[in-house]
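Me: Got a model open here and I'd like to walk through it with you. Can we start with the ligand?

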Amino acid sequence: MVKIYGHPFSSFSWKAFIALYERDVPFEFLMLDPDHPENLEVVGRLAPTGQFPVLVDGDRVVIESAAIIEYLDLHHGDAPPMVPADPRAAIEARQMDGVFDDYVMIQVQRAVSSALREESKRDPWVEGEVQATLDRSYAWLDRWMTGRTWAANETFGIADIAAAPALHYANWAFPIPQTLTALRDYRARLVARPSVARVIDEARPWRDYFPLKGRGTPD
Ligand SMILES: N[C@@H](CCC(=O)N[C@@H](CS)C(=O)NCC(=O)O)C(=O)O
C-alpha cells in the first residue's frame, strides 16, 4: 500500500490527500510531528530539506506534491487523471498548479513563517509584501475564473487540488475581497467538493496552531 508522510494541517499534504481521495486510493498515513520522531527521520533523509508530503510506494520515493499527484495518476486508482493525458491540455493544468502554489500558497507561508518566529525576529515587511502580492494574484485569478467552473480545462484536476489549500489558508489570513465574485464563487465550489471538505474536516483539530487566525473566517 502507498505510504504518505505528511500532516493533516499542512497545505501541501492536502494536495496529496485530495488526489488520493479523488482517485479512491487507500494509503497508509505517517504523521509528521514531534510524537513521531521516526517519521521525521525518514522524511529528513528522503526530502532535500525535510519538506513534505513524501510518498513511498515499495522502493519508489516521490517528493513534491505535484509529482505525487502525477505518480498517482499513472500507478494508482481508476478515476480520470488529475493531469490530463493530452499534453496540450496538461500545459494549462500544470500552469495553474504553479500559479496557486507560487503566487498564493507560498505567499501565505511567508507570512506564517514570520509570525511563528519570536517577536523580535519577525520580518516587519512581510505582511505588506504578501498582501500586495495576494492583491495582484486575487485580481488576476478573479479574471481567470470568470466564465470558468474549474481552474483548467473545465475539469476538476491538479490545478483545483492546488487551489483548494491555497485559497482556504489565504482567505483565512488575507480575506478575498467581496468584489471578486468569480474567485469567491470558485472557492465555494472547491469547499463543497467532497475530497476538499474531507481534508478541511481532518485539519480542524489543529486550527489553533495557525498563527494568522482571527482575521478572516475559515471554512
Ligand atoms: N514544493 C513542495 C512544498 C512542500 C512544503 O513546503 N511543505 C511544507 C508543509 S505544507 C513543509 O514541508 N514545511 C516544513 C519545511 O519546509 O521544513 C511541494 O509541492 O510538496
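Me: Which residues are around the ligand?
Reply: The shell consists of S10, S11, F12, T49, G50, Q51, F52, P53, E64, S65 and A66, where a residue counts as near if its C-beta atom, placed from the backbone, lies within 6 Å of the molecule. This is a predicted model, where local features need pLDDT of at least 70, side-chain atom pairs count only at pLDDT 80 or more, and totals for chains, interfaces and linings use all residues. Residues are numbered from 1 along each chain as its sequence is written.

Me: Which elements give two or more residues to that shell?
Reply: Those are α1 (11–22) and α3 (65–75). Helices here are DSSP runs of H or I with at least four residues, strands are runs of E with at least two, and numbering goes from the N terminus.

Me: And how do the shell residues divide into nonpolar, polar and charged?
Reply: There are 4 nonpolar, 6 polar and 1 charged. Ala, Val, Leu, Ile, Met, Phe, Trp, Tyr, Cys and Pro count as nonpolar, Asp, Glu, Lys and Arg as charged, and the others, Gly among them, as polar.

Me: What joins F52 and P53?
Reply: A cis peptide bond, with omega at about 15 degrees. P53 sits in the loop between α2 (37–46) and β3 (54–57).

Me: New topic: what's the phi of D24?
Reply: Positive, about 55 degrees, although D24 is not a glycine. You'll find D24 in the loop between α1 and β2 (27–31).

Me: Is D24 buried or exposed?
Reply: Exposed, because D24 has 11 other C-beta atoms within 10 Å. The cut-offs are 20 or more for buried, 12 or fewer for exposed and partly exposed in between, with C-beta atoms placed from the backbone.

Me: What about phi of E154?
Reply: Phi of E154 is near 55 degrees, again positive in a residue other than glycine. E154 lies in the loop between α5 (126–145) and α6 (158–173), and E154 is exposed, with 11 other C-beta atoms within 10 Å.

Me: Over to the strands. In which sense do β1 and β2 pair?
Reply: Parallel, over 5 bridges, with β1 covering residues 2–6; pairing takes at least two DSSP bridges. K3 stands opposite E28 in β2.
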